[in-house]
Amino acid sequence: MSGRGGRGGRGRGGPMVNGRRAVAQNSVPWATDTEILLDGKPSELFPPYDVPKPPPLTRKEDKVISYFLLFREQCQDGPLYTQARSRLSQTTTSSTNPSASTATATTSRAYGQDQINQRYGQVSKATVDAFTAVPTYSQRFTRAPRALPDLASRPFAKEFFPPELHATLDGEDEVAASRPGKRRRLAGGGKTLGLSNITSYKTAEELFLYDGLLPDQQQQQQQQIGQPNGRKQEGELDKALQLMSTLEKRGEGEDDAGFLSGEDDEDWVRGGNGEDDEDGVAEEDDQYEDESGDDYNAEAYFDGNQDDDDFDDGGDDGGDYF
Amino acid sequence: MMLVRARKQNPPISTGRNGLTQYQTKPLAELCALLIDELHGELPSRIFAMLLTKGRSTVPQLAQYTSMTPRQIRHGLAVLHQHNLLFYHVDAGSEFAFYEANPENAYNLIRTGKILEMVETSFGAPAKDVVQNLLLSGQTRISDLVAAYKEKIEHASKEAATNGEDDDWTAEPNGINGDAPSTNKAGPVVKSTAHLNSIICRLVEAELIEVVHSTTFESPQDVQKIVEKEVMDKFFPAGVKGNKAKIEFQEKMAEGLRKMRAESKSLKRKLEQQGSGIKRRKLMENLSMAVTNGNHEEDLDPVLDPRQVIRINYEKCLVDLRNRRLVQFATDMYGETTAYVYGVLLKLLTKDLPRCRQDPLADTSDDKHDTEKPFIVTTDLILDNLKTSVDLSLGIGKAERRQISRSAAERIDPYPPAKRTFLEEAEVEGEASADEDEDDDESSEESEDDADYKPVANGDTNGVNGTNGTRVKFAGTGSAAKEPRRMDRPTQLRQHLLILCESAQRFVRHCGPDEWTVDFPPLMRALRETELDTVIERKCGRQGLRLARILRSKGKLEEKALPNVALMRKPELQQKMLEMQSAGFVSVQEVPRDLKADVKKSFFLWFCDVERSLGHMLANSYTTMVHCMQVLEALRYRERDVLETTKRTDVRGREKDTMRKEYYERYSRYLECERKLFAQMMRLDDLVSVLRDF
């Protein structure tokens with residue numbers, strides 16, 4: 001490596017004491033070339049860089065990705081998906097410095113199996129974040145993460161599994177022998193293979209952006225969104241707060257919802273929610289909103305629960321809520 | 001004696017053909033684990049990663065390695081096994097089974113989208129639905145699948161009934177039900193169990209679905225051992241002695257392996273015995289052209305044995321994916337009509353081709369069998385399968401009769417090209433001409449990304465493509481209009497096929513009068529080189545590509561000779577070569593003139609090792625894919641509060657109502673990023689499949 005250039009005699013001419021300087025004085029470009037303009041500025045810290053951009057997706061690629069995402073969505077919805085993350089940095093919001101913990105989550109090196117294992121199994125009662133662990137009503141809507149796959153809910157072709165897994169497939173592989181999967185067996189009485197209900201889901205994105213709403217509803221929403229923007233929104237915030245206070249004085253009458261949001265007369269809940277979103281009620285209200293929304297959302301809660309049953313098919317999660 | 005010192009910047013990466021050596025790379029192992037994590041959750045992913053690092057293990061061993069409880073391990077293994085991601089082996093009488101990872105299938109998870117899209121275009125939406133559910137549930141008993149569909153169909157019909165009564169109730173955008181009305185209008189994709197049965201039959205006939213049997217989950221090594229033992233017991237009880245016996249032993253082994261492999265096709269064979277559904281279907285189609293309802297043909301299919309367990313056959317899926325890739329390649333080279341013809345040819349040719357690459361053990365003696373039952377398509381067969389709506393006259397130029405050397409054009413090549421020892425040699429013929437039409441290449445590369453393969457070529461788009469085929473001697477500009485003589489359809493088809501034959505890439509070989517075949521290995525090599533060229537051009541520009549091509553055609557070139565050959569100034573050239581060297585496309589070798597190995601006197605030879613560059617590209621693709629997944633994870637972490645909100649059951653389906661605007665924006669931005677990242681992975685996978693699997 002070093003052999004080739006190293007011996008070419010650039011630095012060998014002249015005595016070393018002050019000859020070096022003499023050589024340097026004569027050989028630097030600005031000594032010989034008087035026309036040269038020296039750019040004394042330091043080099044830029046972030047020089048312009050041409051970021052290579054991939055070409056946009058073709059229709060076919062778009063389709064392929066949609067299919068993949070749908071497949072992923074279905075997989076994660078299925079009974080065999082284990083949602084529980086036992087890596088600390090992913091689930092809990094580390095309160096001190098999130099950036100450091102992301103670094104540890106994804107890029108830190110681990111030497112040896114022990115260190116890899118130590119990354120997991122970090123989520124336990126001891127690592128609960130006290131700031132987010134207070135039970136709130138909305139937590140009821142989050143689906144409880146599944147730590148182990150729900151094997152009992154579906155049939156298997158057992159003859160192709162090694163014999164040691166057969167008990168596990170029946171859902172009888174419990175920790176304590178005292179409760180040998182009572183609930184599970186009840187749930188899996190029929191044991192049919194559930195086809196995912198999200199088959200009709202286009203993609204999460206499409207669902208979200210076009211929302212599956214009727215066109216006129218969308219228009220309404222566009223109007224709503226179009227109105228309060230930027231500064232205007234802040235002005236309206238005060239207005240909204242004023243409204244709230246007047247409302248509270250008036251007590252809860254039927255007309256109030258109409259008075260507030262102006263269009264959704266029939267449904268207070270929706271009006272309330274919409275108001276909350278679009279007008280951006282101050283953050284401190286947020287918590288109380290949850291509390292006060294309790295009564296109304298109870299309905300939604302039951303609805304939601306039905307949904308849940310629907311697409312779990314085993315419906316084992318239903319039990320946890322009650 | 002260090003007489004020859006090769007200066008290598010990057011360590012060589014073995015790109016062995018036999019599945020195992022490829023999987024030694026760490027990024028691939030990581031990628032597989034991440035993919036499983038994405039689709040099946042953390043628990044299986046951890047176990048899989050462990051199996052990859054530690055190799056064959058039992059449950060207690062795994063428990064020790066991962067410091068999880070055996071119960072967790074068992075659950076995770078069950079999930080992995082259900083999704084065909086494991087091999088296992090139980091020794092007779094032993095307590096524990098040995099598990100081994102199946103990295104092929106784990107990697108194939110990323111191809112799910114492509115496979116589904118492929119199935120949809122060639123078999124229709126209902127088939128896609130079935131394949132999707134099959135992929136989702138892993139290996140499945142037919143009766144279970146039928147029951148599940150039955151339930152769903154009943155559910156849908158019930159809902160349709162209620163839907164008719166009160167429309168406004170279901171129209172409420174409530175959770176998942178929110179988009180239910182749209183599906184109800186269309187009805188379920190699979191209409192009845194008979195329909196399902198017919199779909200499965202068709203997929204089995206196409207080999208996209210295979211039967212699970214007792215040895216499916218033995219790892220390749222175990223299968224080999226089992227067969228070996230059988231053969232030894234049966235034919236060579238005294239051991240294998242002498243050369244003749246060795247050859248015989250190998251033949252017997254190959255036969256045994258093939259027999260074992262054929263077991264997964266048992267269902268297909270049964271279907272064929274019961275009077276080939278395809279033939280009958282065709283007959284019915286001819287008979288009842290007027291009957292639009294497909295119910296008749298469904299009744300014709302034999303009812304499948306409900307006890308059979310089926311799963312997706314990835315190998316065959318890959319064959320079909322390769323066909324599509326080749327069609328795209330042909331589109332880039334010659335235009336759509338020719339590519340369409342090529343697509344039909346490939347489809348007919350690969351109907352019975354079980355896998356892209358031959359198994360070195362099982363297919364060694366296959367060459368002899370191949371000549372007996374070769375893969376050959378006749379012109380008539382292609383003609384029968386072409387859609388009549390396709391205008392074959394497009395994409396062919398016309399030339400004066402005397403300009404065509406008929407004997408050369410119609411030359412028949414009965415044998416596949418002999419195996420060439422050096423890859424460099426193979427390119428010499430092609431490259432000489434390829435240099436001239438670099439412009440042509442560039443334009444096709446640009447269109448490569450947005451060229452959508454359309455099986456039905458409509459006249460408007462085709463007109464443009466004729467210009468692409470300038471290399472072909474039939475292409476004469478303008479003379480087409482003057483020529484009064486019109487070719488009939490078979491002749492036109494022949495012209496297209498001859499164009500494909502003449503290509504430098506050897507798309508098709510004219511192996512007999514009106515018989516055509518494709519030699520995949522050299523063709524894929526050409527495709528791989530094209531990919532490499534694209535990458536070199538992107539990274540080092542046109543100059544770099546030119547230099548690489550010069551080196552490839554000349555072999556090793558001395559440093560001083562290179563400027564003369566390349567017609568470039570020395571400093572520029574050196575800079576370019578260094579750039580290419582650091583990118584891993586070229587290497588330099590130092591050859592001293594005498595024993596003293598004086599640097600000034602020794603030669604420095606530049607050369608271009610295609611295999612090694614391809615290996616680098618492969619390794620880089622894995623790393624980039626891993627990186628994509630990691631970026632996605634980081635994004636998820638950053639947007640975790642939004643994502644948690646969207647997962648709530650009360651928010652799902654009516655995000656716009658329940659979420660704040662900023663949340664909504666963050667969420668949609670996240671989704672966009674996610675899409676782009678996956679798109680990047682899919683594109684990289686295109687490259688990987690060309691480099692590794694096709």
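Axes are lines fitted to C-alpha atoms, for helices over the stretch in contact, and angles run from 0 to 180 degrees between N-to-C directions. Helices are DSSP runs (H or I, at least four residues), numbered from the N terminus. This is a predicted model, in which local features need pLDDT of at least 70, side-chain atom pairs count only at pLDDT 80 or more, and totals for chains, interfaces and linings use all residues. Residues are numbered from 1 along each chain as its sequence is written, chains are lettered from A and ligands numbered from 1 in the order in which they are written, and side-chain values use heavy atoms, without hydrogens and water.

**Exercise 1.** Describe how helix 4 of chain A packs on helix 2 of chain B.

*Solution.*
Step 1. Helix 4 (residues 59–77) of chain A and helix 2 (residues 26–40) of chain B have axes 7 Å apart, at an angle of about 65°.
Step 2. Angles of 65 to 115 degrees count as roughly perpendicular, so helix 4 of chain A is roughly perpendicular to helix 2 of chain B.
Step 3. In the contact (heavy atoms within 4.5 Å), helix 4 of chain A contributes Phe68(A), Phe71(A), Arg72(A), Cys75(A) and Gln76(A), and helix 2 of chain B contributes Glu38(B), Leu39(B) and His40(B).
Step 4. By class (nonpolar: Ala, Val, Leu, Ile, Met, Phe, Trp, Tyr, Cys and Pro; charged: Asp, Glu, Lys and Arg; polar: the others, Gly among them), this contact has four nonpolar, two polar and two charged residues.

**Exercise 2.** Describe the packing of helix 28 of chain B with helix 30 of chain B.

*Solution.*
Step 1. The axes of helix 28 (residues 520–554) and helix 30 (residues 570–583), both of chain B, lie 10 Å apart at about 110°.
Step 2. Helix 28 of chain B is therefore roughly perpendicular to helix 30 of chain B.
Step 3. Their contact has eight nonpolar, two polar and three charged residues.

Conventions:
Helix = DSSP H or I, 4+ residues; strand = E, 2+ residues; numbered from the N terminus. Parallel < 35°, antiparallel > 145°, perpendicular 65-115°, else oblique.
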